[in-house]
Amino acid sequence: MTEEPVAETADTPVVETVVEPVEVSAVDTPAVPAVDATAPESTDMPEISEEITAQYADVPEADDETSTHSPVDYSQFTKQDFVNLLETQMAAISTPSVGPGDFKKADLVLKEVKPLFDQMKRAEREAALQAYVADTGAEEGFDYKYDDAVSRFDELYKQIKSQKNTYFQNLDKAKETNFASKTELLTRLRELVETDENNAGDPKVSWNEFKKIQDDWKSAGNMNSPHNATLWATYHALVDRYYSNRNIYFELKELDRKRNTSLKTEVIEKVEAMAKASDETPVTRQTIDEANALFEEYKHIGPAPKAEQEVLWGA
């Protein structure tokens, strides 16, 4: 007879929909393009033309303040005002607790102000060129140098862009690691389920391992979105199989306990009959041996339902 099973805990998740497990295969994760922060600028128009390309699929729209972002009136901004604005954005994404939402907010600012700042640069250069032509009568030899505000703006733009791309590259690497971890956990869970289905595992050890896998799965972190659906479907299917197996186990266990109740009752009735007979006839050595044998038989029958266990033993 098997030992008493571990009691089911109240926090056991319930899987309502059965999903057939699917095979999981690694999917190539697209890399975030590297950033060339030192690319030379054009002689005629020194501007940074690359667009910020990071995706923010993992930023929850409901919790993201940028979903209600209101346009800002930059019409009265000077070049220094734009520099100060980028300084603020740089500070916001340089904190230890920075997240994808912070970079998304910075992106929105950059995409709004970059064309406006470039327009100011072009206007200044064009005005300087017109003044030069008026003085010299030709464009030959014209060499315009932007001031420190322009240099600082372009530097901050590159730094924010580079820091953003570095962040998402590291995030993708972490997600790849999480994918590998969760794939390994699925292998462990599948082996656990198959072991239970073959009745080859100890129920207590199996339950502890199952809870450990669940905890490890929760702490493994996010994965790249192409992998989420496949791995989650497989995980839920295996969890559902595990609980189904445990339900079958406990149903069989309950039947086994009821059978044990009947067997123990029979032993008790034999002992009671021997005790009644001892009132009329002397107790012999054979009677004592038979009684001891019945006690041993009782102990090895196995557990009865807990509600009846003490009653049977007291009898």
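This briefing covers the fold, the nonpolar core, the salt bridges and a charged surface patch of one protein. The model is predicted. The protein has seven helices and zero strands. Of its 315 residues, 32% count as buried. A search of the whole structure finds 14 salt bridges.

**Fold**

- From the N terminus on, the elements run α-α-α-α-α-α-α.
- Helix 1 spans 79-92, helix 2 spans 100-136 and helix 3 spans 148-197.
- Helix 4 covers residues 203-219.
- Helix 5 covers residues 225-277.

**Nonpolar core**

- In soluble globular proteins, nonpolar side chains tend to be buried together.
- Here, the largest nonpolar core holds 23 residues.
- Seven names stand out: Phe82, Leu86, Ile93, Phe103, Val113, Phe153 and Ile160 touch the most other members.
- Helix 1, helix 2 and helix 3 are the elements that give two or more residues to this core.
- Helix 3 gives the most, with eight residues.

- Side chains of opposite charge can pair when their charged atoms come close.
- Lys79 and Glu124 meet through their side chains in a salt bridge, at 2.8 Å from N to O.
- Lys79 lies in helix 1 and Glu124 in helix 2, so this pair ties together parts that are 45 residues apart in sequence.
- Lys79 has a relative accessible area of 12%, so this residue is buried; the cut-off for buried is under 20%.
- Glu124 is at 26% relative accessibility and therefore counts as partly exposed.

- Lys121 forms a salt bridge with Asp154. Their closest N and O atoms are 3.3 Å apart.
- The pair links distant parts of the chain, with Lys121 in helix 2 and Asp154 in helix 3. The two residues are 33 apart.
- Lys121 counts as buried because its relative accessibility is 3%.
- Asp154 also counts as buried, at 7% relative accessibility.

- Arg188 and Glu209 meet in a side-chain salt bridge, at 3.0 Å from N to O.

**Negative surface patch**

- Glu266, Glu269, Glu272 and Glu297 form a negative surface patch.
- Helix 5 gives the most to the negative patch, with three residues.
- Glu266 has its place in helix 5.
- Glu266 counts as partly exposed because its relative accessibility is 43%. Patch residues need over 30% relative accessible area and no salt bridge.

**Points to check in the structure**

- Follow helix 2 through two of the pairs: Glu124 in helix 2 pairs with Lys79 in helix 1, and Lys121 in helix 2 pairs with Asp154 in helix 3.

Methods: Residues numbered from 1 in each chain as written. Predicted model: local features only at pLDDT ≥ 70, side-chain atom pairs only at ≥ 80, totals over all residues. Heavy atoms only, no water. Patch = residues over 30% accessible without salt bridge, like charges linked within 9 Å, V, L, I, M, F, W, Y side chains within 5 Å. Areas by Shrake-Rupley, 256 points an atom, 1.4 Å probe, with all protein chains shown as cover. Salt bridge = Lys/Arg side-chain N within 4 Å of Asp/Glu carboxyl O. Lys, Arg positive; Asp, Glu negative; His and termini not counted. Charge placed at Lys NZ, Arg CZ, Asp CG, Glu CD. Helix = DSSP H or I, 4+ residues; strand = E, 2+ residues; numbered from the N terminus. Buried < 20%, exposed > 50% of the residue type's maximum accessible area, 1.4 Å probe, protein only. Core = buried A, V, L, I, M, F, W, Y, C linked by side-chain atoms within 4.5 Å.
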